[in-house]
Amino acid sequence: MQRNLEDRSFLLLLLAVTFGFGLLILPFFYAIFWAAMLAILFAPLHRWLIRRFPGRDNVSALLTLLASVLIVVIPLAVMMTMLAKEGARVYQQVSSGEIQLQVLVDKARAAMPVIQELAERFEIDLGNVKQMLSQAALTGSKFFATQAFNFGQEYLQFTVSFVLMLYLTFFFLRDGRSLIQLLIRALPLGDTREIHLFQKFAEVSRATVKGNLVVAMVQGSLGGLIFWALGIKGALLWGVVMVVLSLLPAVGSALVWGPAAAYLFFSGDVFKGVVLVLFGFFVIGLVDNVLRPVLVGRDTKMPDYLVLLSTLGGLSLFGLNGFVLGPVLTALFLAFWQIFMEEFNNGEEETFVDEDEASGG
């Protein structure tokens with residue numbers, strides 16, 4: 001009785017202290033999360049360096065950290081800086097009148113009279129449409145300019161999180177294997193289950209980050225290139241926007257080049273519109289259809305529709321970080337249910353069959 005009371009008290013305090021520690025590190029969750037992602041993503045390189053420099057774990061971890069900064073961190077920082085600068089530039093052009101959306105709408109209406117007829121039939125005031133488009137362009141471009149300003153204001157917080165991420169990445173690389181072994185000892189789920197879950201977490205995280213970023217960068221580069229070739233203003237901005245939206249499987253890049261192609265058709269540039277549609281379907285779309293299943297779907301072992309749903313849900317709940325968190329949570333959900341079906345349901349089904357056969361016998 002005394003022993004039972006002591007165990008319950010200890011477990012209660014263990015949960016309370018663990019909860020308190022969770023609240024303590026909660027403000028740095030994303031820094032910890034991305035440190036773990038970088039460590040998982042570059043673990044193969046780290047293992048190769050350990051074999052190359054045996055007994056020099058610090059050197060191997062430091063070299064791997066430098067490689068991750070050069071390959072992932074710096075390009076992403078440059079991309080987001082470009083997005084903020086281009087957004088601020090477009091905002092200035094729209095607000096100063098250099099870009100006049102009213103003229104573009106009038107041009108589209110003159111090129112395709114059917115637009116005027118449809119507007120009259122459905123009692124749509126094209127003047128209001130022009131005003132709405134102008135307001136939308138101002139709001140959208142102002143958002144990027146505001147984000148750049150907010151980034152400047154929150155520079156200290158970002159710097160702390162960024163330095164913490166790099167600091168933790170070094171230790172996750174160097175001590176990652178021992179940390180995982182410690183977690184396996186501590187968690188009361190059974191070693192076999194825990195190893196399976198950790199493997200699934202690593203597989204899905206690596207596939208999602210690596211695959212989605214590669215696909216997004218390729219699609220955004222191709223989109224920006226075709227926009228520049230067709231003379232569409234803000235090609236750099238739309239290319240970077242396409243990189244971000246391409247994190248959405250199947251539909252992401254089309255959210256940019258689709259409306260752009262429609263505008264080209266409406267404004268009378270039919271040839272450019274046809275070129276953009278063909279390039280979007282057969283080049284940009286081919287990248288998504290070919291690379292994403294190879295880099296993401298094959299390793300996550302999830303169907304395309306589930307990858308799309310989990311990505312959309314993750315982005316809705318966690319913001320931009322959700323393009324990884326969503327598929328990872330979904331993969332863990334599937335892994336837990338797979339373990340449950342294999343270890344619990346199968347046993348119950350076999351017992352039921354045995355009892356039925358026994359009663360029939």
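Helices α9 and α10 lie roughly antiparallel to each other, a label used for angles over 145 degrees, with under 35 counting as roughly parallel, 65 to 115 as roughly perpendicular and the rest as oblique. This is a predicted model, where local features need pLDDT of at least 70, side-chain atom pairs count only at pLDDT 80 or more, and totals for chains, interfaces and linings use all residues. Residues are numbered from 1 along each chain as its sequence is written, and side-chain values use heavy atoms, with hydrogens and water left out.

Back to that helix pair. The axes of α9 (residues 191–229) and α10 (residues 235–245) come within 7 Å and cross at roughly 155 degrees. An axis here is a line fitted to C-alpha atoms, for helices over the stretch in contact, and angles run from 0 to 180 degrees between N-to-C directions. On the α9 side, the contact is made by Ala216, Met217, Gln219, Gly220, Gly223, Gly224, Phe227 and Trp228, and on the α10 side by Ala235, Trp238, Gly239, Met242 and Val243. Contact means heavy atoms within 4.5 Å. Sorted by class, these residues give eight nonpolar, five polar and no charged. For the classes, Ala, Val, Leu, Ile, Met, Phe, Trp, Tyr, Cys and Pro are nonpolar, Asp, Glu, Lys and Arg are charged, and the others, Gly among them, are polar.

Helix α9 also meets α2 (residues 29–41), with axes that come within 9 Å and cross at roughly 90 degrees. That makes α2 and α9 roughly perpendicular to each other. Trp34, Met37, Ile40 and Leu41 of α2 touch Phe201, Ala202, Ser205, Arg206, Val209 and Lys210 of α9 in this contact. The class count for α2 with α9 is seven nonpolar, one polar and two charged residues.

Gly223 is buried, with a relative accessible area of 1%. Buried means under 20% relative accessible area, exposed over 50%, and partly exposed in between (1.4 Å probe, protein chains only). Over in helix α13 (residues 304–318) sits Val307, which is buried too, at 5%. Here are two C-alpha pairs involving these residues:

| Pair | Apart in sequence | C-alpha to C-alpha |
|---|---|---|
| Gly223 and Ala254 | 31 residues | 9.8 Å |
| Val307 and Pro327 | 20 residues | 6.2 Å |

Now for the rings. The structure holds eight aromatic pairs. Rings of Phe, Tyr and Trp (its six-membered ring) pair if their centres lie within 6.5 Å, and planes under 30 degrees apart count as stacked, over 60 as edge-to-face and the rest as tilted. One of the pairs joins Phe170 and Phe171, edge-to-face at 5.2 Å centre to centre and 85 degrees between the planes. Phe170 is buried, with a relative accessible area of 17%, whereas Phe171 is partly exposed at 26%. Elsewhere, Phe29, Tyr30, Phe33 and Trp34 form one aromatic cluster.

Zooming out, the chain has 14 helices and zero strands, where helices (H or I, at least four residues) and strands (E, at least two) are DSSP runs, numbered from the N terminus. Of its 361 residues, 33% count as buried. Among contacts with a separation of 6 or more, 72% come from residues 24 or more positions apart.
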